[in-house]
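Biologist: Hi, I'm new to reading structures. Can we go through this one together?
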Amino acid sequence: MDVFFLSLIPALALILYLFLILVTWRHGIEDKLNQRFILYLLSMMVWSLGALMMYLDRPRAPAWNRLMIFGVVVMPLVFFSFVQAFRRERTHDKVLQLGMAACVVFLVATARGSMAGDIHITDRGLILFSLGPAIPYFGIYFGVLLGLSALSLVQGIRNTKDHVQRNRYVYVFLGLGLILVGGITNTTGELGAYPLDISANTMNAIILAYTIFRYQLLDISLVVRKGLLYTVPTVVIGVGYLLIIFLSVNLFDIVSGYQTLLLSVIVATAVALIMQPVQEKLQSWIDRMFFREKYNANLMLQRVSRTASSILHLDRLADMMLNEVTSTIHIAKAALFLSDQATGTFELVAQRGLPPETSITLRQDHPVIEHLATVREVQTMFDVEMTPQFKALWAQERRDLKSLAVVFFVPLLAQRDLIGMLVVGPKLSEGTYTLDEQLILSTLANQTAIAVQNAWLYQRAIEEKQRAEVILEQAFTGIVLVDGDLDIVDMNPAATRITGFAREALLGDTILRMFAGELWDEDGALRHAIETKQSLHPTETVLVGREGRRDVLLGVTPVQDRYLFNFTDITKLKEVGRLQSNIVANVSHELRTPLASIKGYADLLLHGDDRLDDELRQQCLTIIDSEADRMNRVINTLLDLSKLESGRDVLPMDTVYIPEIIEETVKALSVQADKAGISLLWDASSHLPPLTANRDMLASILKNLIGNAIKFSVQGGEVRVVAKVQADWLNLQVIDHGLGIPAEDIPHLFTKFYRSKRAHDAGVRGTGLGLALVKEAVEVHKGEIAVESVEGVGTRITVTLPLHPDVVSDNRATQHTLTSA
């Protein structure tokens, strides 16, 4: 048999294994799986190299045979180690340690010639070698390690649900089967002289190469892309060199070597200078022509990078990102989970390829979440399933993950914190993901994480702005922002309400239009605060508003190059203070006058002599009793008024009949009317519907109104009380033909202790509390009171009260006939 033909098979295997080593090395030597795969390929390459050199260098065939056996001895150990890394198993560490010890023993045995005996070359050019005494023990070592490797691959084939990963296991298993068959042929006598083991090795190398290209056992796209990048310039330079030779010989008659060399250097330099700037464009052209998916993915990343920063709504951002990634990489299923900042759970915010009603929430301590937060890199479903925490998942959580058909979990990291997760399912083509695609997914996740953070910050800013706007809109305190020149920049509604000016009327105007006076004097507190850029603590001052001067409490705070004026209207508080002083003065006056009478007549009775007769004594006692009643009325009125104003006590409401109360009140005041020479009349139907009211308060209303009418009527005049139903209301009217009330006094009639000048001039006594009490009592009954008066003609006061709810409908359109008492 021809030596060339015999050496061709191991040479081919050697070349294939060398190619696979270079590809794996370029793929990344840092990965443990790649390291073990390279060791396995090296052992196979040594096996093939020894077999090749035995045919090419027959005089030293025994030495090359030992080299071949070195490769055969190391191969089972490194292949078993490779399978363990490929399956991510650590269950056979002790077996690996024992295998290493056995490997060392058999390497020593090989060096001493115990693995193979004499070598014999047949007439056909075949090489035979006898088996050494260590071969039976080696067979056990060889069979155990490769058998365990085969068992692990079979388990992987049975357990994996990813058909791509299953095919990887299948093809590695087939290659192992070929190696076992080829190794066994070496022990079969003359059949072992044929290079069947090397043929099996060659077929194994072809299977591994097919698995790398078809099922991405290793991603070699980067190697090919870079190879093309350097191949194109090489072709250009080669063509340029040929052009140099042609020009130098045929056109310029340059025949000397140094001249040609000089021209070659010039052209090569020019080509290098030209190629350098276009290298990036050349790579882009190569990707567009030969790696279209890679090119489209880069364009997608550029689009996402430009667009994501301008999308500040999470829903739109999530939809845009999933649309881009699924359409570019042709993904069948994908889902985006984001952390809920309030609860810490991870919510499904967008999905593609899942049922529309899908709703999944992952708890903060979910094993997948905790694992991604720890490793902070892309993880396969297989990676996650290997974690101990995965076994603690609830049944529903397992069903949720199954529904996602997970291939990759891609973490979204912000400052090394996990804020979300991109879950990627299978491709539409059911093909595997390349290393470039995994890198693209990781890059996309990083861009998305930045965009999500921006969206969160935007949402927080919007929420803070809305919260500030609500505070400013609803604040009772007036807030005005002014610039460094004290011109108004902005103001809230409360400031508009307090000043009385519209916002548009004040914008751009100076704040000193409202606040000046003593505060802006040379030594004024406001001037000092502005000049020193210090805060002005709350200070009482006067604001000049549209409706006049108002008392305010003003504070000023510097804000960068502006100032914030905030002020509270305390006009009513000041009025309350003044009113309290008036109340004390009026009450003191109203109590001091009867008290002085009581004191004087009491002293007269105590210290009078026997000349005081019984009639005079009785007169003194009558006056004392009358003045005491007067004091009692004042005090009771104050107490009733205070009770009504405070609202602390709920007045008991009963069903009352207004004609009865009118009749009782008229009888009680008839003596007062007779003394004043006033006719007191009342008109009310006995069929008037009942009211739900407080009887005592209703009587107090009538008593005060009728009493006032008597006091302000002229002798011989008339006071009439009229009660009638009008729609759903009962109207009570007290009409007199007395002095009348000046128009300017009517708005103040119901103010406590207010008495008109007309009352003082007419000498009409009173406390100024009666009408205030009437108004409070009417409002407690959800009624209204109105005053109509003409000076010198008389006054009509109308109290309108709602009817009892049960009889409103029965009396809604009834008109009663009024009769005279």
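Biologist: Among contacts between residues at least 6 apart in sequence, what share join residues at least 24 apart?
Modeller: This is a predicted model, to start with. In the chain, that share is 62%.

Biologist: How many helices and strands are there?
Modeller: The chain has 26 helices and 20 strands.

Biologist: And how much of the chain counts as buried?
Modeller: Of its 821 residues, 43%.

Biologist: New topic. How many salt bridges does a search of the whole structure find?
Modeller: It finds 14. One of them joins Lys667 and Glu663, at 3.6 Å from N to O.

Biologist: Where do Lys667 and Glu663 lie?
Modeller: Both are in helix α22, residues 658-676. They sit four residues apart, about one turn of the helix.

Biologist: Why does Lys667 count as exposed?
Modeller: Because its relative accessibility is 57%, and exposed means over 50%. Glu663 has 35%, so it is partly exposed.

Biologist: Give me another bridge. Which residue pairs with Arg720?
Modeller: Glu718 does. Their closest N and O atoms are 3.7 Å apart. Arg720 is partly exposed, at 25% relative accessibility. Glu718 is also at 25% and partly exposed.

Biologist: Which residues do shared partners join into one network?
Modeller: Arg363, Asp365 and Glu397, through their salt bridges. The side chains of Arg363 and Asp365 meet at 3.1 Å, N to O.

Biologist: How accessible is Asp365?
Modeller: Asp365 has 42% relative accessibility, so it counts as partly exposed. Arg363 is partly exposed too, at 25%.

Conventions. Residues numbered from 1 in each chain as written. Predicted model: local features only at pLDDT ≥ 70, side-chain atom pairs only at ≥ 80, totals over all residues. Heavy atoms only, no water. Helix = DSSP H or I, 4+ residues; strand = E, 2+ residues; numbered from the N terminus. Buried < 20%, exposed > 50% of the residue type's maximum accessible area, 1.4 Å probe, protein only. Contact = heavy atoms within 4.5 Å. Salt bridge = Lys/Arg side-chain N within 4 Å of Asp/Glu carboxyl O.
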